[in-house]
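Dear colleague,

I am passing on the structure below, together with some notes on what was found in it. Please read the notes with the structure open beside them.

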Amino acid sequence: MADSNEMTINVVVLGRTQTGKSAAGNSLLGSDDFESQLSPSSVTTCCSLGHSCRISGITRRNGCELAFRVRVLDTPGYPHSSLSKEQVREMVRSALAHHFKEEGLHLALLVLRADLPLCPDEIDHTIQFIQELLGATWKDFTAVLLTHADKAKEAGYSEEAYLRSASSTLLSLLSSVQHKYVFLDSQKSIIKEERTIVLRKLLNFIRQNNYQVLLLKQSKE
Ligand SMILES: Nc1nc2c(ncn2[C@@H]2O[C@H](COP(=O)(O)OP(=O)(O)OP(=O)(O)O)[C@@H](O)[C@H]2O)c(=O)[nH]1
Ligand SMILES: [Mg+2]
């Protein structure tokens, strides 16, 4: 993962279409690499990798600041308006194997909208998809990213109040991924301090998993 002065984390965003995956990827990268827009059909139709610049103030080792970077793989959503489950799965699997073949994947972010209730049928499909993609240890490598946090806030919910009122489906999902979750407002440009907080949380999740990485193999045709 790192030599003595550098650390790069590899992250993939997964989830239903139009949940804000590409916008979240841009917020993490501090860029506009990924096309993100409201659309009646799915916007992202292939995987693409974005690299951040060096980000300061995230972590230190032996008293020295590390040169921290994040790489984000943006993916087409599942369910998707024009691609089948198999098409999305094979596309994502192949992109993970291609881009992260040396260093592996540190964290999959399951992107959900904080302004919509999570219902059982919907999450069952998504979890099955992630399980098929990441394998039996998917929970160790998955965190939930709740986008549209601005809307929840506008409606008067602090993060704590939101979780107190959340559906049992969401609460049981959060429990199954060892409460690894983070709220994000990707509507406006993320400010440096907010990005630092989010990235530190992601790094903590990776630390909790002992910096393990998931290596995905290219599927044979
Ligand atoms: N208010 C608000 N809007 C958001 C947030 N995140 C994303 N959006 C909006 O949601 C719409 C869809 O965002 P995308 O980033 O394109 O979502 P996606 O999941 O990549 O969509 P597909 O590629 O079509 O699957 C855009 O209009 C975004 O501006 C958020 O945190 N808050
Ligand atoms: Mg997208």
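Which element gives the largest share of the shell around ligand 1? That share, three residues, comes from α1, where helices (H or I, at least four residues) and strands (E, at least two) are DSSP runs numbered from the N terminus.

Please note that this is a predicted model, in which local features need pLDDT of at least 70 and side-chain atom pairs count only at pLDDT 80 or more, while totals for chains, interfaces and linings use all residues. Residues are numbered from 1 along each chain as its sequence is written, and chains are lettered from A and ligands numbered from 1 in the order in which they are written.

Around ligand 1 there are 23 residues, the closest being G20, S22, S36, L38 and T44, where a residue counts if its C-beta atom, placed from the backbone, lies within 6 Å of the molecule. Two or more residues of this shell come from each of α1 (21-29) and α4 (149-154).

Turning to the sheet, six strands form an open, mixed arrangement in the order β2-β5-β1-β6-β7-β8, two strands being paired if DSSP finds at least two bridges between them. Because β2 (48-51) and β8 (181-183) stand at the edges with a single partner strand each, one side of each is left without a neighbour in the sheet. Strand β1 (residues 6-14) runs parallel to β6, joined to it by four bridges, and L14 has L110 in β6 as its bridge partner.

With kind regards
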